[in-house]
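The sequence and the model are shown first, and a description by region follows.

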Amino acid sequence: MMSFSFQLLLHTIFSLIFFLISASSSQHSNQFCEAGIGYGESTCGTAIPSSSSKLLIKGGTVVNAHHQHLADVYVENGIIVTVQPNIMVGDDVYVIDATGKFVMPGGIDPHTHLEMDAIGITTVDDFFSGEAAALAGGTTMHIDFVMPVNGNLTAGFEVYENKAKKSCMDYGFHVAITKWDESVSRDMEIMVKEKGINSFKFFMAYKGIIMVNDELLLQGLKKCKSLGALAMVHAENGDAVDAGQQKMIELGITGPEGHPLSRPAALEGEATSRAIRLADFVNTPLYVVHVMSIDAMEEIAKARKSGQRVIGEPIASGLALDDSWLWHPDFVTAAKYLMSPPIRSKGHDKALQAALATGVLQLVGTDHCTWNSTQKALGIDDFRKIPNGVNGIEERMHLVWDIMVESGQISVTDYVRLTSTECARIFNIYPRKGAILPGSDADIIILNPNSSFEITAKSHHSRSDTNVYEGRKGKGKIEVTISRGRVVWENNELKVTPGTGKYIEMPPYSYLFDGLDKKDAIYLNSLQAPVKRAKSTT
């Protein structure tokens, strides 16, 4: 039998160990605050409810892409179990009252660049800070872009796998193609068959850096089709943009205003048209990222009217802003709005909104790519050296609600489709994501249509010291965000822990590929070739 003094010693040792573990855990869960990311009323801690894996959302209006109704939503272990009125539960269930509010699928942002390296610097938002900001704004999954290492896809994927270890919400990957050879072709197969990738991006801009020519784009389109992967394009004429930049410098225009002047909407429209025609030639679906202009939108409208499978993605900044800010006399203010393709002049924003409302464009992204003022100042004497990118991952859901729903341009069900469901369908993860249905992941938001929001750099959760939507106010506030059954945003408190996010593999052959083989067969049958001709005897 142990002596009392020895038992006391053991107790002291175990208590000390428990204290050290608890302190370590606390330090880990509050990394968000210590990193200086949190501002204003937001605080950090362990995701709630910490003692229960059961959750009930009572009395709200449940909204899916094609239907809305009054119902409760019951969640267990991160999965939606039941959606029906008047669900009764025990005392071990965490209950949220959603009376008078909308209960909707969490947003999915199809277009982000977290911890991206460019021109020798790295974006200020990594996979933790960027995702934390997203959760505070009602987005519960995003799809980021893997950039190859010297053209190598596998090496690039491994780098991004490592970057994403600190994730606090679910994420997926697209992969960029910046060169072409047999190793890239083989790597594309590995990405699709082993790594959960179903989309590849081609840059038609950034000449001499990552731009692809038409020959490479054609090779990539063919390979995408053979793998059931979606081809995506950044559509600007890179050769013409390069010439436009040289022209601005020769004219002595070196400030941020030189950026939109050097790459007008016509160059976005031309590249969009070219990509669409090449995709049609190959007979494969095409996804046009960050549609910023009437010119590009009209090319997409034409193609879709003809029956071609083209997806158009406007982004939050294109819907909400115009390019007048780029002429601001203060460099810091002007530079924060610089991105590519550029934010366009007044009129383009309204046209993009109308295209979104009428189905010409299908979903909303952000192209969230944040740099701080010091990084933007690298181009103070030459706009070509200003890092491209704006924020939006936290603001998108509120902006789309205020701009599109509050104005009467779209319905509440349309809102769900444009911010969540259609993205899940395009990238083949529906109904696991993008739905409030039994069996779906419990990625849920509660939006109060009678509450209001204000956007400021002082209160946002990005590490950026500026915000392109600074001072914007609107109606419709996301009051609760639930990620895989964990309440991570409630009462203006952000409760996130690094490492809790999961990589979502996205299988190939989404609905966009349905029936393409029949179209190929019809084409072959229509050729009336080769013609059999008698051989000449002379």
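## Strand E10 and its partners

Strand E10 pairs with strand E11, residues 199-203, in the parallel sense over 3 bridges. Within this pairing, isoleucine 177 has phenylalanine 202 of E11 as its bridge partner. Between the two strands the chain passes from E10 through helix H5, residues 182-194, to E11, and this β-α-β crossover is right-handed. The model described here is predicted.

Strand E9, residues 139-146, also pairs with E10 in the parallel sense, over 6 bridges. Here methionine 141 stands opposite aspartate 170 of E10.

E10 belongs to an open sheet of 7 strands with parallel pairing, in the order E6-E9-E10-E11-E12-E13-E14. Strand E6 (107-112) and strand E14 (310-312) stand at the edges with a single partner strand each, so one side of each has no neighbour in the sheet. On average, neighbouring strands of this sheet are turned by 25 degrees against each other, direction ignored.

Further along the order, strand E12 (residues 230-234) and strand E13 (residues 286-288) pair in the parallel sense over 3 bridges. Alanine 231 has leucine 286 in E13 as its bridge partner.

## Helices against the sheet

Helix H4, residues 153-163, packs on the sheet and touches E9, E10 and E11. The direction of H4 makes about 155 degrees with that of E10. Helix H15, residues 396-405, lies across E6 and E9 and runs at about 110 degrees to E6.

## Histidine 113

Where does histidine 113 lie? This residue is in the loop between E6 and strand E7 (117-118). Histidine 113 counts as buried because its relative accessibility is 6%, and the cut-off for buried is under 20%.

The side chain of histidine 113 is joined to that of histidine 111 by a polar contact of 3.3 Å. Leaving aside neighbours within four places in sequence, histidine 113 is in contact with Thr123, Asp144, Phe145, Lys201, Asp367, His368 and Cys369.

## Helix H9

Helix H9 (residues 265-282) has 18 residues, which at 1.5 Å a residue should span 26 Å. The end C-alpha atoms of H9 are 26 Å apart, in agreement with that expectation.

The buried residues of H9 include Ala265, Leu267, Glu268, Ala271, Thr272, Ala275, Ile276, Leu278, Ala279 and Val282. An α-helix has 3.6 residues a turn, so residues three or four places apart point the same way. Gly269 and Ser273 are also among the buried residues of H9. Just after the helix, asparagine 283 takes a positive phi of about 65 degrees.

## The protein overall

The protein has 17 helices and 18 strands. Of its 538 residues, 57% are buried. Among contacts between residues at least 6 apart in sequence, 77% join residues at least 24 apart.

Note on methods. Residues are numbered from 1 along each chain as its sequence is written. This is a predicted model: local features need pLDDT of at least 70, side-chain atom pairs count only at pLDDT 80 or more; totals for chains, interfaces and linings use all residues. Side-chain values use heavy atoms; hydrogens and water are left out. Two strands pair if DSSP finds at least two bridges between them. Helices (H or I, at least four residues) and strands (E, at least two) are DSSP runs, numbered from the N terminus. A crossover is right-handed if, with the strands pointing away from the viewer, the path from the first strand over the helix to the second runs clockwise. The expected span of a helix is 1.5 Å times one less than its number of residues. Buried means under 20% relative accessible area, exposed over 50%, partly exposed in between (1.4 Å probe, protein chains only). Axes are lines fitted to C-alpha atoms, for helices over the stretch in contact, and angles run from 0 to 180 degrees between N-to-C directions. Contact means heavy atoms within 4.5 Å. A polar contact is a pair of N or O atoms within 3.5 Å; within protein, one must be able to donate a hydrogen and the other to accept it, and residues adjacent in sequence count only if both atoms are side-chain atoms.
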